[in-house]
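Visitor: I should like to go through this model with you, one topic at a time. Could we begin with charged pairs?

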Amino acid sequence: MGGGRWRRVLSGVGRSIAVWAVSTVTMLVLAGALPDFQLQSDNGDSATRIAVTAAAGAGVFGLLSSLVWPLLVRALLLVPALILGLLVFFLNGSLLLLALRINPSGQSEAAPETAVAVAAVMSAVASATGGALAVRDDDAYRRRLYRLAARRRDRSHGQAGPPTPGVVFVQLDGVGHDVLEEATGKGLMPTVARWLGTTHRLTPWRTDWSSQTGASQLGILHGSNHDIPAFRWYEKESHEVMVCNRPSSAAELQRRAIAYTGDGGLLTVDGASRGNLFSGGADELALVLSMAARRGRENRSRSGYFAYFSDPANAVRTAMSFVAEVFRETGQSTRARLRKRRPRVGRGGLYPFVRAFATVVERDVVVAAVIGDMLAGRNAVYADLVAYDEVAHHSGPRGRDTEKVLERLDRSLALIEKVAEHAPRPYRIVVLSDHGQSPGETFLTRYGLSLGNLVRAGCGLPVPRRARGTHSGAEARAAVRAALRRPVEESGGRHRPSRHSEPVVLASGNLGLVSFPDAAHRMSREEIDRRHPALLSTLANHPGVGFLLVRSEEHGGLVIGAHGVEAPVDTLDDARPGPLADFGPGAADAVRRTHTFPHTADIMVNSWYDPEEGEVLAFEEQIGSHGGLGGAQGHPFLMSPLDLSDPVDDGGDLVGAERVHRVLRGWLRECDGPQVPLPAGESERAA
């Protein structure tokens with residue numbers, strides 16, 4: 001054993017002893033402060049005996065945490081993530097009770113609830129002590145990375161990593177191009193700012209009409225987002241609602257994309273997919289939704305938790321951060337309510353826990369998995385960090401809440417950069433987003449009724465009394481009476497279509513979809529007018545609606561605006577935008593493409609958009625939304641190393657997730673990591 005290795009061993013032993021000593025002192029302090037936790041017999045013991053008891057208890061607790069904890073985590077892989085985060089405290093308390101019971105002194109005891117608190121404090125102190133020691137030793141962190149890399153090389157029989165660079169793609173979910181530029185200008189993201197000033201370029205790109213993660217990520221990872229009209233939509237042949245973040249839907253969408261392209265995905269060659277909706281063809285998976293419903297423990301999305309939570313210090317640190325984030329969200333929402341901040345949506349119920357999972361648990365597990373992939377020398381890694389998107393939906397795209405999230409995301413990028421220095425191969429780090437977010441109050445808040453109730457009113461169907469009394473509801477009912485030539489609203493003889501004709505109304509941000517389930521085909525404008533004469537005019541003339549897309553028997557795709565403005569979609573472009581004038585360049589192309597999808601709804605409804613303020617009206621309860629056309633939601637970013645080719649060397653615009661896929665695939669080829677498309681049959685089996 002060389003001198004350097006001996007020094008590393010001695011340094012590690014020294015840190016372990018220091019952590020043990022601090023844990024012993026912590027146990028002594030807690031025993032003096034908590035009445036239900038004692039380290040001495042009822043008759044009293046000497047100070048020396050109490051200290052020995054504390055030292056033995058701390059040592060046994062540390063040993064049990066190292067040996068038993070990984071087994072407990074593996075046994076609990078099937079437990080939902082939110083529950084697992086809370087179980088961390090109780091499991092640690094159980095280990096402490098066991099440690100006290102088998103303590104050689106036999107004098108220590110604690111109440112169960114006290115054991116939970118003591119175990120949490122001891123684990124946190126031990127973790128903080130280890131981190132402080134690593135900070136004081138300038139080379140400690142670097143040596144730890146070297147050890148991890150050396151262990152992985154040993155598992156690969158000593159083979160050195162390839163000399164060609166790998167690529168790490170980090171997706172900052174929902175961070176728009178404008179938000180990233182503002183964050184770097186304000187100093188919120190110093191790592192990103194440094195990269196942009198030295199090693200990286202920033203390129204905006206434009207999403208499809210469906211500006212949401214399901215459409216964008218499927219296109220980026222699998223090369224096709226064909227027939228993804230929205231985040232959720234109704235499929236008439238199966239009578240089912242497809243939802244992009246539902247495991248069964250995600251698995252089916254991935255299968256369809258592979259069948260459509262005949263390609264397994266961006267990550268088919270030694271790739272890893274972390275925290276994504278889709279696998280990209282990767283063999284290494286963690287928190288991948290499309291695989292969550294598959295049987296077999298090795299294929300379940302929760303299996304990615306094991307590598308992270310098998311370290312008890314990681315588990316406690318993340319659990320405590322989880323609880324802190326819950327309190328942080330509670331405080332922020334209370335402050336917004338007391339200050340009567342507008343716009344505002346409800347943030348109670350389970351939302352604080354959902355936010356904490358997205359901003360703490362998902363981030364920690366995904367970043368740890370990426371670090372492991374880099375130290376293993378994988379060819380391509382694609383990871384999604386969803387923290388900003390989740391917070392911005394409820395707090396707005398800009399503000400103190402989201403700025404704090406951006407700062408933490410920047411620290412994650414800095415950590416990944418640091419790990420790249422110690423990986424067995426060079427790495428290119430690409431940062432991108434899948435969409436942005438547009439601000440604005442909700443449709444319901446502004447007009448007092450939901451899109452669903454507006455559609456029902458336009459169809460002459462009964463609506464809740466509160467919605468019926470709003471100005472929009474009254475106008476819709478008046479339009480129905482006029483269309484049916486009924487000048488007086490009769491209480492007993494009001495026209496009521498049969499139950500089977502009631503529409504299915506779904507919302508995806510500021511994009512609404514109306515489908516009539518009793519019609520097996522996509523209904524035409526003419527059929528809709530015959531069935532519900534006032535519906536299309538009610539929707540198109542509503543001040544909260546920007547435009548409609550329907551199928552016309554005469555014109556094909558037809559865009560309908562307010563005041564009777566109509567234009568066949570094939571006649572629209574950037575020079576002649578028609579009803580799409582406010583929605584900017586590329587709107588006509590995006591709408592025209594969606595019109596060709598087999599599962600486009602009978603009526604596609606895009607909300608109003610204010611081009612001066614950049615605001616939209618979400619049909620969901622979100623004050624930062626995405627999913628349709630209008631504003632920053634359709635303008636994400638792509639930040640790439642200067643070592644890679646320019647994604648838009650022709651000076652044009654980068655448009656569509658499928659185009660981004662081709663750019664990323666080209667970069668992998670440049671890094672000597674060609675992605676070989678699988679034959680169609682084999683691709684379907686891989687899915």
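Visitor: How many salt bridges are there by the rule in use?
Guide: The count comes to 34 salt bridges, where a salt bridge is a side-chain nitrogen of Lys or Arg within 4 Å of a carboxyl oxygen of Asp or Glu. This is a predicted model, in which local features need pLDDT of at least 70 and side-chain atom pairs count only at pLDDT 80 or more, while totals for chains, interfaces and linings use all residues. Residues are numbered from 1 along each chain as its sequence is written, and side-chain values use heavy atoms, with hydrogens and water left out.

Visitor: Which residue meets Arg274 in a salt bridge?
Guide: The side chain of Asp373 does, at 2.5 Å from N to O. Arg274 lies in strand E7 (residues 271–274) and Asp373 in helix H13, so the pair ties together parts that are 99 residues apart in sequence. Helices (H or I, at least four residues) and strands (E, at least two) are DSSP runs, numbered from the N terminus.

Visitor: Is Asp373 buried or exposed?
Guide: Asp373 is buried, with a relative accessible area of 1%, and Arg274 is buried at 7%. Buried means under 20% relative accessible area, exposed over 50%, and partly exposed in between (1.4 Å probe, protein chains only).

Visitor: And what about Arg576, buried or exposed?
Guide: Arg576 counts as exposed, at 53% relative accessibility. Its side chain meets that of Asp573 in a salt bridge (3.4 Å, N to O), and Asp573 counts as partly exposed at 27%.

Visitor: Which residues are linked in a network of salt bridges?
Guide: The network links Glu325, Arg328, Glu329, Arg347, Arg355, Asp401 and Arg408.

Visitor: Back to H13, then. What span should its residues have?
Guide: At 1.5 Å times one less than its number of residues, the 26 residues of H13 (residues 351–376) should span 38 Å, and the end C-alpha atoms are 36 Å apart, which agrees.

Visitor: Where does H13 bend?
Guide: H13 bends by about 35° at Phe357; the bend is the angle between axes fitted to the seven residues ending there and the seven starting there. Just after H13, Gly377 takes a positive phi of about 75°.

Visitor: How many residues of H13 are buried?
Guide: Of its 26 residues, 21 are buried, so H13 is largely enclosed by the rest of the structure. Phe353 lies in H13 and is partly exposed, with a relative accessible area of 32%.
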